[in-house]
Amino acid sequence: MTASNDLQSLLKRIEKATSRLEELATKRSEQKSHANNSMETSSDNSSSGGLSSDAGADSKAVLEYEAVVKPYVDQYVELSNKIGGVVQEQAQSISKLYAAQRNFIRISVLTKKPSMDQLSALIVPQQKEIQRAIEIKDKNRPSEFFDNLSTVAEGVAAFGWVTVEPTPVPYVNEMKDSAQFYSNRVLRTWREKDATHVEWVKAFLSILREMAAYVKQFHTTGLVWNAKGQDPADALKAIAGDSSAPAVSASVSAGAPPPPPPSLPPASEAAAQEKSSNSAPPARGALFADLNKGTTVTSGLRKVDKSEMTHKNPSLRTSNVVQAKEHSAAGGSVHAQKQVQASQKPPRMALEGNKWTVENYGTEHLTIEATENRQTVYMYNCKGTTLEIKNKLNSVAIDGCQKCGVVFDSLVAECSIVNSKSVQVQARETVPSIQIDRTDGAQIFLSEAARESTQIITAKASEVNVSYPFETANPEDDNFVEQPIPEQLQTVVKNGKLVTTILEHTG
């Protein structure tokens, strides 16, 4: 009897243990299923950065951008469609560029400031449309709408304000001024023919004007990012406002974004500036360390020998050069070595962007044919060189040249002469302004068209003469007249103010 009771008790205990194990197995299965669901949800949130595809659209910065810029973009696109052809094609790029920049501003509202690699990837959609707008202009030079295309190609770079720090507003205004040069041509050409082009110019310039006002209000020192936001790489996956978003996300994950085109300021410039600023303190520290030495700071100077003193050796005054000792001549001073190296640099003439550079030439005759009014010429360290510039361009600068001659047709801005000697400049047509600074010997030849309209400004300049044609009653006596620019000035105080006049000698 006792054995039977023990057996029943054992069976009950086994049943209870079995039930308990079944309950535990069921609970574990439920927990595992719940965990899997949580991981999937977490994965989905992670892949989207925890953001919806329209996240950030209700922020004040985005709403104001839409309210201020979009109406003029729509008006510009509508007028471009009326004009048609390549103008309409270019307007499509501007419309896509607006959408890409709106997405970019949404990203800035949602995320922290990205790294340079991430920033380069983020601006790819905008760069693509900017480059597209410029390519349309370059491929359609013979078009009757080339001035329209050039207006947009010059002004579209204003959208690059998102990478400019710390003064994006002046950058936008500068691009707007560049666009106005060609927009004025559009107005002159079409004002009497088609009023649509006049409204088209107003619409496009209004985009840039309102953009500058928007940037000044919301991003005065550069695009504002969310310091407490998410990682840009995660947020990009949720921002799908245009078809280029997946490509941008892929670029970030790959870690190898393509280099930005020259039309948009590259993000790497900020890194270069930061690097250069970080390298400056050690040099300044070394300078202050030397100054703190006190009287010992002059210990590195050598004593001047009596044979090198000009007041004790009158023969040295004739050469105006202090003769160095043999050992110093062998070693040579650093300054003299730099001058020799500069004079021995190979000659070079190249067009870099819109800038012609002409440097280190000797007695040669060079010719430049300008292809656009915005091109400039910079002439440096030339001796005995004659430079002829054909067609109209923006400006000419002559720096550190001797016995050189420059002939040009017409300039939009000015001709400047700096740190030069015995230079001759001739304007075949017009030049608004000629500036001469720290120059000894300059001969200026003005045409009849430039005679009354050219302004000549001099500072620390000597032996400056101006020649121009002069008409007389007898045409046979017409000839160039040469007049010097006064060097001696007389200043007196009258009624508490300085009054300066040209000093005249009478005999």
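Me: Which residues of α2 are buried in this model?

Reply: The model is predicted. Buried means under 20% relative accessible area. In α2, that set is Ala61, Val62, Tyr65, Val68, Val69, Val73, Tyr76, Val77, Leu79, Ser80 and Ile83.

Me: What covers the buried residues of α2?

Reply: The cover includes α3 (85-110), α6 and α8.

Me: What span should helix α2 have, and how far apart are its end C-alpha atoms?

Reply: Take 1.5 Å a residue. Helix α2 covers residues 60-83, 24 residues, so it should span 34 Å. Its end C-alpha atoms lie 35 Å apart, which agrees.

Me: Where does α2 bend?

Reply: The bend is at Val69, by about 40°. A proline, Pro71, follows within four residues. Val69 is also among the buried residues of α2.

Me: What follows α2?

Reply: Gly84 does, and its phi is positive, near 80°.

Me: How many residues of α6 are buried?

Reply: 10 of the 10, so α6 is largely enclosed by the rest of the structure. The buried set includes Asp147 and Glu154, along with Phe146, Leu149 and Val152. These buried residues pack against α2, α3, α5 (124-138), α7 and α8.

Me: How is a pair of packed helices described?

Reply: Two packed helices are described by the angle between their axes and the distance between the axes. Here, take α6 (residues 146-155) and α8 (residues 195-218). Their axes come within 11 Å and cross at roughly 5°. Angles under 35 degrees count as roughly parallel. α6 and α8 are therefore roughly parallel to each other.

Me: Which residues make the contact between α6 and α8?

Reply: From α6 come Asn148, Thr151, Val152 and Gly155. From α8 come His197, Trp200, Phe204 and Leu208. They divide into four nonpolar, four polar and no charged.

Me: Where is there a cis peptide bond?

Reply: Look at omega. A cis peptide bond joins Glu165 and Pro166, with omega about 0°. Pro166 sits in the loop between α6 and α7 (168-190).

Me: Which residues have a positive phi although they are not glycine?

Reply: Asn391 is one of them, with phi about 75°. Asn495 is another, at about 55°.

Me: Where does Asn391 lie, and where is Asn495?

Reply: Asn391 lies in strand β5 (residues 386-393). Asn495 is in the loop between β15 (489-494) and β16 (497-502).

Me: Is Asn495 buried or exposed?

Reply: Exposed means over 50% relative accessible area. Asn495 has 82%, so it is exposed. Asn391 has 37% relative accessibility, so it counts as partly exposed.

Me: Is Ser433 buried or exposed?

Reply: Ser433 is at 10% relative accessibility, so it counts as buried. Ser433 is found in strand β10 (residues 433-437).

Me: What does Ser433 touch, not counting residues up to four places away in sequence?

Reply: Its partners are Ala413, Glu414, Cys415, Gln455 and Ile457. Take Glu414. Ser433 and Glu414 are 19 residues apart in sequence, yet 4.7 Å apart in space, C-alpha to C-alpha.

Me: Now the whole protein. How many helices and strands does it have?

Reply: It has 14 helices and 16 strands. Buried residues make up 36% of the 507 residues.

Me: What share of contacts join residues at least 24 apart?

Reply: Start from contacts between residues at least 6 apart in sequence. Of these, 42% join residues at least 24 apart.

Key: Residues numbered from 1 in each chain as written. Predicted model: local features only at pLDDT ≥ 70, side-chain atom pairs only at ≥ 80, totals over all residues. Heavy atoms only, no water. Axes fitted to C-alpha atoms, helices over the stretch in contact; angles between N-to-C directions. Helix = DSSP H or I, 4+ residues; strand = E, 2+ residues; numbered from the N terminus. Parallel < 35°, antiparallel > 145°, perpendicular 65-115°, else oblique. Contact = heavy atoms within 4.5 Å. Nonpolar A, V, L, I, M, F, W, Y, C, P; charged D, E, K, R; others polar. Buried < 20%, exposed > 50% of the residue type's maximum accessible area, 1.4 Å probe, protein only. Expected span 1.5 Å × (residues − 1). Bend = angle between axes of the 7 residues up to and from the residue.
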